[in-house]
There are 2 protein chains.
Amino acid sequence: MMVVCLHTLMGKYAASIDDVRSAAKRIKGVGHRTPVLTNNTLNQMAGRNLFFKCENFQKIGAFKFRGGWNAVSILDDDEASKGVCTHSSGNHAQAVAYAAMMRGIPSYIVMPNNAPEVKLNAVKGYKAEITLCEPTLEARRTTLEKIAKKTGATVIHPFNNPDVIAGQGTAALELIEDIEDLDAIIAPIGGGGLMSGTCVATHSLLPNAKLYGAEPKGADDAYRSLKEGRMLPQENPDTICDGLLTSLGENTWNILKDHLDAIYTVTDDEVIKAMRLIWERMKIIIEPSCATPVAVVLSDQFKALEGMENIGIILTGGNVDLSKLPF
Amino acid sequence: MMVVCLHTLMGKYAASIDDVRSAAKRIKGVGHRTPVLTNNTLNQMAGRNLFFKCENFQKIGAFKFRGGWNAVSILDDDEASKGVCTHSSGNHAQAVAYAAMMRGIPSYIVMPNNAPEVKLNAVKGYKAEITLCEPTLEARRTTLEKIAKKTGATVIHPFNNPDVIAGQGTAALELIEDIEDLDAIIAPIGGGGLMSGTCVATHSLLPNAKLYGAEPKGADDAYRSLKEGRMLPQENPDTICDGLLTSLGENTWNILKDHLDAIYTVTDDEVIKAMRLIWERMKIIIEPSCATPVAVVLSDQFKALEGMENIGIILTGGNVDLSKLPF
């Protein structure tokens, strides 16, 4: 007797295209449908048509609003009344705090004590109770555990939470709806929430599109993981990309390993150059983490790839501390 | 016998609404129809609905493209073949150089030797021949005269040229087409080209709308002129707003004196604060000159005005030297 085991997309991964579509319905009218911008100079430099999905214009200034709102709005009233909590290097903190404020429930946020001041202030502005801790994953985890135990608040994991993954996938969903004929989509990888949601949405709607990740060389755990075929942790990250310091999670890795065509890494110098170029040429503000895929598409290595004309780039966020610019 | 003298809008001023409409046709498909953005935080701070016409996203990064292109594209082939020339503290220089490059004719640009490097480089990039001079109006004028005489190039005055005024008016034309029920429009005043074009377009389409000018206190010639009822020159300007240093011209003053409801002045500190606020909250890059009307609408004096809900603000440009930020 033969047992045939059928893995559907839905069952195999933490989030399905149906989850992304449901998230899109929850987000509609609450978040922004962000614009897709183009720029002739950038196109010339990249040798291709680039389509920038501007999540720096999203609520709280980053795509993280999508996952945060999806995960917070999906809670039943009993759970919600005790509040929500999370740890985050910045934008996810803002997303959860903002979503909680909109739902009228408390939020408790654990942040590393080296988070940019602009992000700390924004979280405070959304009425969250902030607990600072050492900037290590271990310190963040244990501090969060204590807070969750004490308050009964629901933990909204920054990237491994399936509702967060589904929420982040809505950016690619909108991008694909707006721009026909994308040959590839590229996005940065930190914990992998955005990239895995992007994989689910893109390969359901555009099965033949290529999917690329971008990482700073100083936090290249996903690159190394994909190369070795097993999830490797990020130890001692060293990069200006403060949103990309964390390791992958089981749920995101599980999706990424099956869907990504490649991950490209770039130096901080390349990131800063790309960031400055976007500021000067497009007159929009993006943060360093957000500039990684821009640096990739401008690299000789990426430009040498054949058979791709139209590239979607998810510009992830614009929360920069203007007092501490790298140029 | 009685002689009745009828001044029509068309005859009395250097540019009419028909001129603005013709300019709009020339600009369509060549320049960008720039977006109109809104922001909840800014609305709350201003106590009104603000509609930002984003000319920082225009070709060359500023509204000046409109006037420059209108004036260059309108030349007949004989005139055009000898090229065009102008003096400008920056954005008009880029506009004329870019327009000339697009038309395939030479351009000769006189720039003050204290112009931001980013603007100098951009003009060079558009293949213009640059002549630097002392940063005084007198030096700019005499240098330009010499060049025009030597080359036979047509002088495109930065603001007093009627075709430039008509071109600049197309920003307000688009804004009014996009946003219904504007109660007022506010824009910065340097030489008055943008503001006078805005006056012509706005009062033809929205006769009851209020029209406000914004100036830095360190270059408040238009404010003083309107107060005294006669055109006063700007001597020794002292402000961070490098696009607003010049005096008015006869043609712009002639329009402004009849149409403006008021001019408000702001300090450089208020300008820098407003600029930073737009960067942080809207994630878009605007230059100091561009922040003057933002500073005005956030001032207590302006907020105390009654009977206005919807204010259009022309964000004039985003050409900033990122190495020399004021914060």
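Author: Helices here are DSSP runs of H or I with at least four residues, and strands are runs of E with at least two. The model is a predicted one. By that count chain A has 15 helices and 10 strands.

Reader: What makes chain A as compact as a globular protein of its length?

Author: The globule rule is 2.2 Å times the number of residues to the power 0.38. For 327 residues the rule gives 20 Å, and the radius of gyration of chain A is 19 Å, close to that value, so chain A is as compact as a globular protein of that length. Buried residues make up 55% of chain A.

Reader: Why is B:A148 called partly exposed?

Author: A residue is buried at 20 or more other C-beta atoms within 10 Å and exposed at 12 or fewer. B:A148 has 19, so it falls in between and is partly exposed.

Reader: Where is B:A148 found, and which residues is B:A148 in contact with, leaving aside neighbours within four places in sequence?

Author: B:A148 is in helix α8 of chain B, residues 137–151. Its contacts are B:C85, B:A153 and B:V155. B:C85 is 63 residues away along the chain, yet the two C-alpha atoms are separated by 6.8 Å.

Reader: What relation do chain A and chain B have?

Author: Chain A can be laid on chain B by a turn of 180° and a shift of 0.0 Å along the axis, with an RMSD of 0.0 Å. That is the relation of a two-fold axis. In chain A, the C-alpha atom of A:I284 comes closest to the axis, at 2.2 Å.

Reader: How do you know that the copies meet through the same surface?

Author: Of the interface residues of chain A, 93% are also interface residues in chain B, so the copies meet through the same surface.

Technical notes: Residues are numbered from 1 along each chain as its sequence is written. Chains are lettered from A and ligands numbered from 1 in the order in which they are written. This is a predicted model: local features need pLDDT of at least 70, side-chain atom pairs count only at pLDDT 80 or more; totals for chains, interfaces and linings use all residues. Copies are superposed by least squares on the C-alpha atoms of residues with pLDDT of at least 70 in both. Two residues are in contact if their C-beta atoms, placed from the backbone, lie within 7 Å.
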